[in-house]
Amino acid sequence: MNLFDYVRPASVAEAIAAASEPGAAYLAAGTNLLDLMKGGMSRPMRLVDLSRLPGLDRIDHLPDGSVRIGALVRNADLAHDAAFARSYPAIAEALLSGASPQLRNAATVGGNLLQRTRCAYFYDVASACNKRQPGAGCDARGGENRLHAVLGWSEACIATHPSDFCVPLVALDAVVEIEGSSGRREMALEALHRLPGDTPHRESALAPGDLIVALRLPSEARAFAPHARYLKLRERTSYAFALVSAAAAFHIEDGAIGAARLALGGVAAKPWRARAAEAVLAGARPGDEVFRRAAEAALADARPSGDNAFKIELARRVVRRALALAAAGTPARVPALPASPFSSAPGAIHGV
Amino acid sequence: MASEIRLVPSSGHVRHGSNIGQPLTRRDGILKVTGAARYAADNSPAGLLYAVLAVSSIARGRVTFLDVPAAKRHPSVVEVMTPAHKPPLAQDPDAKTNPFMFRLDLLQSDQVRYAHQPIAVVIAETLEAATEGAALLAPHYETLPARVGLDDGESFVPPAVGVGSPAVEAHGRVEPALARASRRIEATYETPAQYHNPMEPHAIVAVWEGDTLSIDTPSQGLIMARDRIAGLFGIAPAKIHIRSPFLGGGFGSKGLISGPQILGIMAARLVGRPVKLVLRREQMYGPVGHRAPTRQTLRLGLDGAGKLTAIDHHVKTASSSFDDFFEPAAGVSHTLYASPAIATSYDAVRLDTGTPLFMRAPGEAPGSIALESAIDEAAAACGMDPLAFRLKNYTETEPMSGKPFSSKALRECYAQGAERFGWSRRPRAPRQMRDERGFLVGWGLGTATFPALMFEAEARAVLRSDGSGAMEIGAHDMGQGAWTALAQIAADGLGLELERVEFRSGTSDLPDGGIAGGSAHTATAGMAIHNAGAAVIAKLAALAMGDERSPLFGAGNAGVVARGGRLFRRDDEERSESYADILVRAGLGEIDARGKGATDPAAQSAYAMHAHGAVFAEVKIDPDLCQMRVTRVVGAFAAGRIINPQLVRSQLLGGMVWGVSFALQEQAVIDARSGRTLNANLAEYHVPVNADVPSLEALTVEEHDPHVNALGIKGVGEIGITGSAAAVANAVWHATGIRVRRFPIRIEDLMIAD
Ligand SMILES: Cc1cc2nc3c(=O)[nH]c(=O)nc-3n(C[C@H](O)[C@H](O)[C@H](O)COP(=O)(O)OP(=O)(O)OC[C@H]3O[C@@H](n4cnc5c(N)ncnc54)[C@H](O)[C@@H]3O)c2cc1C
Ligand code: SF4
């Protein structure tokens, strides 16, 4: 690990000032960043430690029905906040399906949003990677790319964003609050992550020094609580990143879908909101046929980026199942195997 | 004196059972769960420096440049060890004088033979500085194309497989038998490269004082390690002291001392200070061994009644470009099923990887997943239940050698396992079972087998005039519980309560405990302990029986029996005397004796010796999403005498989890262009988590084996993997009707169009 400055700011303003220097990086729990530093993938000159910043670790249920989550709230604390889990069950389920209990106890909300890809070539400094080193090339093309993107990828980069948390968040129109050198602004989470295009190293819409201070879920998002699920396919029952995941949520009125929300994970460089599929679903009666059409719509633009054509079909199936689960209703509590197909019956109703 | 020793025959001096056979919990358990157990890397002697390996990022070629000045400019870097700057060795690391000697990479040249090969060692005041120093070396290479897959390079017939087994063997004539067979099965199975991944990485703390060397390092073979070090550094073995009280797992990768451990010793020599070197996880994917990939073709011939008439098992595997270890995967076909014709053969390629090595159940693990899958395919082809098919082809003699088995309770394993599992309710056809939630359910069976081996070991037994005893043996506890099981044998061997026995183990100054491998450690070290106990009891008995003042005087032909710290006349147990009284009267503070454990060549040539088992697995599979989960595994194993049922159960369960892992998860993902392993970390090199195997049961089936050794021990460390992997694979077929022949089985393998 290179020598670097370590700064422990006492306020948000100090943090932003300290991080506006070139080569500075925010350190939250470090479960991603420190691994990257140890491997030499990331070599910041200055670490600005957020962990002691006051006021960023609160979950506020606001009078207008929205909820505001401080950037330093731990993943586990958020998932286990009873009021939060009641209002946003798919988000709690997604959080609890991620990583391991130890990691969730440490990892922060802000860090989860901005975690880097798990592309093995990104992690292997001897490999060419446009994301790590612009213009170097992409060794994932023509390499081991079974797990890579099927949507929104470019010739320059085929990596995926690995977060589970972000998938239901983007489905539910979460907003990030940002403080930067030019003051405070907010942005839809959907706009935070960028598709690779020709500049895969530019992963987010943040400017140097920009600090995510909070995440907000609008009050309308609560209305989806009775029909909201997250489903995550993975290569073992727990403690694995998603091959493909989906968050699905409905308003169901008089047996018909009033509004539908759908987002996919593990398929693109950002959490993938499937608006075309939502349009297919809106107004329809929930059922296999419309779920199938929605799945087709969600993956209409998908193309394999390598040895991963199976992910397209798998994603369709995951979408159909997630929709069926959401239609069947949110279980009374997060299942013992969160987001696992094994926590729920294929196609069958399960308990609310 | 000689006649008295005969009066106390080596297997009859005690009545086993007061300690042996008890389900004692690990004696070192508290130390381990409280963190008080001191593993090698926990040692930090005064003046310690930290060494970090710089490893190659190419798989084949040459290092052309290392920026040594840049590393040295780092304020805390003390030394950089390179091919051009290193202490001399007394022996070429590429020399090979016995089959257990493997070539090591000790910076002998600028050549690179595999990715993650050590190319330099940076030694610094702190771990962080050494790590950064290693990064600063920023090597340049001349790169040659890497040979990565089983089709890369020319194949050849290896001179031998495993340790000295022939690469071509036959019994009967397979080709005519296949030609005549009324039914033939031919299938090819592929298994990937796998890495041992013990929790504890290879680590060493080395301290030189003049030409004496003191080492803390995990070892499954202390004396072999000591002698290898002695040879390399040209010092007498007696000058080397290795402490290895605990290992955080080894699985074979710590059987022989590895290159990086030697580099730690060289680093300490170079700087003249104590040095600690601990491998990073990804550095364990290269210089410390692995299980080579295999591609196995099974051809089975069957008669009209479902009897095997031919088994042909061909294995294609790989070794490194510079040394020989060929995964002996066809060995299982020599022993498991009756067949008038059996042939096994190998071919191999040389790849730009580290040299493969023994990894838990070497040969048997990949071999049995292939053979037992093929057997399952054969049963299905014959329309027979897989268990009935196996019973039809059951063999009472080892088919390849024609020898009778020293014991073989496999029928009982099948019966007890099937009963416990509920096998009789299994529908024969695949894709017939669903659970109440709609998941596909499949049941599979695999037969487990592993040879009952023994190596050589020695122990020293002591009896003291305070009534206590000691047993000394340089044995190894890799986590399997040797500290406990061997102490139980020691206590019985000395006729003492366990609390009265000081069990000393895990250092190289003790008598040679042999190698903890081949599932042979309990048998080998146990027999040495048992015989040392017998020898010291014989000495004690001689003292008593020859002393008029002893109630045992003149016990003569009747002999004595040792129990609870007393000797009893065998023909009159009213007459007894305590060890302490005997020794005090003789004016002796303590007496000692040595004993050895080794194979009995006569028994070896007369009998085939194997442990056996039957593993039954249930998988559930989402019919649409194809995610798999092993919901239930029942294994029934017969492995001779069980020294400690609790520890044995743990070994078997651990082995069965490895089997699940083999079938569904484990694999090194290697970039075909660079030869680098892309998932060289514990997050992405998948092994099962608890949620993957919700119910596991290991039954032990009673088996008395009078031939393997006097204690009747066969060994349980590896057999759990064999059978289990195939049971899971066969269950996946039974659930889906899809036969996947490439492991691990993946979701997309089961995604049929809907
Ligand atoms: C073994 C393993 C398995 C995992 N499995 C999963 C999984 O299954 N699903 C899943 O979703 N995740 C998984 N993760 C990822 C995990 O969720 C992230 O590592 C974690 O959420 C990152 O949070 P952190 O607080 O540790 O962030 P850090 O590592 O501290 O930071 C991550 C990045 O975010 C930036 N950052 C942090 N906070 C802010 C802020 N407030 N404003 C601006 N920038 C900020 C940092 O500069 C850095 O670039 C896994 C991680 C590991 C190591
Ligand atoms: S896919 Fe993206 S992250 Fe992976 S190697 Fe290519 S450029 Fe780098």
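A residue is near a molecule if one of its heavy atoms lies within 4 Å of it. In this predicted model, local features need pLDDT of at least 70 and side-chain atom pairs count only at pLDDT 80 or more, while totals for chains, interfaces and linings use all residues. Residues are numbered from 1 along each chain as its sequence is written, chains are lettered from A and ligands numbered from 1 in the order in which they are written, and side-chain values use heavy atoms, with hydrogens and water left out.

**View 1. Surroundings of ligand 2.** Ligand 2 is surrounded by 13 residues, the closest being A:Cys119, A:Cys129, A:Cys138, A:Cys157 and A:Ile158. This shell holds eleven nonpolar residues, one polar and one charged; Ala, Val, Leu, Ile, Met, Phe, Trp, Tyr, Cys and Pro count as nonpolar, Asp, Glu, Lys and Arg as charged, and the others, Gly among them, as polar.

**View 2. Interface of chain A and chain B.** In contact (heavy atoms within 4.5 Å) are 44 residues of chain A and 41 residues of chain B. Between them the chains bury about 3500 Å², 52% of it on carbon and sulfur atoms; buried area is the accessible area (1.4 Å probe) that two parts lose on being put together, summed over both.

**View 3. A salt bridge between A:Arg146 and B:Glu748.** The side chains of these two residues meet at 2.6 Å, N to O. Chain A and chain B have five salt bridges between them, each a side-chain nitrogen of Lys or Arg within 4 Å of a carboxyl oxygen of Asp or Glu.
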